[in-house]
Amino acid sequence: MTASGPHHGSCRCGLISAEANSAPIWQSYCHCRDCRKQTGAPVMAFVGFHADALAWFGEPNSWRGAGGVTRMFCGHCGSQIGYTDERLPGEIYLALGFMDEPDSYPPTAHAFVERQLPFLHMTDDLPRFDGFSVERPAMTTEKDR
């Protein structure tokens, strides 16, 4: 993992930026369809931080996606910023493209490899997960509560 900080990120136009003053908690690729649709890319890479370690400058737009995930983006330039997951309270996952020095956060795993596009060949020896690379508790519905 990367040093304790500070870690800086910003959107393409610079209206939204963030700084984290703690070490990342996770770095991963994600091959799920939701990430592909959100980013327009064949794979997403992200770095996770504790949300309380993050200071925002500007406010990202957001929308609630599938499975309790809220996606963030810049409403001006459209840059993908990251996501939160209600099953991972207190954590935020930022797109590597949002980070000012993305090469400082090499992914350490692959998530949803069963959904990896067949023409995308990634020959690293990182751990591969058929589902999430970050463990999440099972989803509950209102009727289960």
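Three strands come together here as an open sheet, arranged in the order 1-2-5 with antiparallel pairing. Please keep in mind that this is a predicted model. Let's walk through the sheet and then stop at one of its residues, Ser 10, which sits in strand 1.

**The sheet**

- Strand 1 (7–10) and strand 5 (54–57) are the edge strands, and each of them pairs on one side only.
- On average, neighbouring strands of this sheet are turned by 15 degrees against each other, with direction ignored.

**Strand 1 and its partner**

- Four bridges link strand 1 to strand 2 (residues 17–20), and the two run in the antiparallel sense.
- Across from His 8 you will find Glu 19, which belongs to strand 2.

**A closer look at Ser 10**

- The relative accessible area of Ser 10 is 23%, so this residue counts as partly exposed, given that buried means under 20% and exposed over 50%.
- If you set aside the neighbours within four places in sequence, the contacts of Ser 10 are Ile 16, Ser 17, Phe 98 and Asp 100.
- Ser 10 and Phe 57 are separated by 47 residues in sequence, while their C-alpha atoms lie 9.1 Å apart in space.

Methods. Residues numbered from 1 in each chain as written. Predicted model: local features only at pLDDT ≥ 70, side-chain atom pairs only at ≥ 80, totals over all residues. Heavy atoms only, no water. Pairing = 2+ DSSP bridges. Axes fitted to C-alpha atoms, helices over the stretch in contact; angles between N-to-C directions. Buried < 20%, exposed > 50% of the residue type's maximum accessible area, 1.4 Å probe, protein only. Contact = heavy atoms within 4.5 Å.
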